[in-house]
Amino acid sequence: MAASRLPLATLMLKQFIRRQQQVPNDSDRKYLKDWAREEFKRNKSATEEDTIRMMITQGNMQLKELEKTLALAKS
């Protein structure tokens with residue numbers, strides 16, 4: 001039930017991995033995939049809703065920064 005209280009914009013691991021496949025460099029892509037997995041593993045015991053919301057917000061901010069960096073690299 002706790003998952004239903006998460007924001008609709010929450011990325012699940014599979015969605016994150018699909019997005020990170022847009023990274024052209026294989027070693028960068030592997031780094032991002034490994035980093036995301038470790039973050040999910042490290043935080044899997046988080047149960048407090050405020051903590052989870054904070055982590056989601058931080059993850060979304062990091063994703064936006066990554067997207068900006070990728071857009072600049074492609075231009």
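Guide: Aspartate 34 is partly exposed, at 32% relative accessible area. In this predicted model, aspartate 34 pairs with lysine 30 in a salt bridge whose closest N and O atoms are 2.6 Å apart. Lysine 30 itself is exposed, with a relative accessible area of 51%, which puts lysine 30 in that class because exposed means over 50%. Both residues belong to helix H2, which covers residues 26-42. Their spacing of four residues there means that about one helical turn separates lysine 30 from aspartate 34.

Helix H2 also holds arginine 42 and glutamate 39, three residues apart, or about one turn of the helix. These two form a salt bridge as well, with 2.7 Å between the closest N and O atoms. Arginine 42 counts as exposed at 56% relative accessibility, whereas glutamate 39 is partly exposed at 25%. Glutamate 39 is not classed as buried, because that term requires a value under 20%.

Another pair sits in helix H3, residues 49-74. Here the side chains of glutamate 49 and arginine 53 meet in a salt bridge, with an N to O distance of 2.6 Å. The two residues are four apart in the helix, about one turn. Glutamate 49 is partly exposed at 28% relative accessibility, and arginine 53 is partly exposed at 32%.

The count for the model comes to four salt bridges, among them the lysine 30 to aspartate 34 pair, the arginine 42 to glutamate 39 pair and the glutamate 49 to arginine 53 pair.

Technical notes: Residues numbered from 1 in each chain as written. Predicted model: local features only at pLDDT ≥ 70, side-chain atom pairs only at ≥ 80, totals over all residues. Heavy atoms only, no water. Buried < 20%, exposed > 50% of the residue type's maximum accessible area, 1.4 Å probe, protein only.
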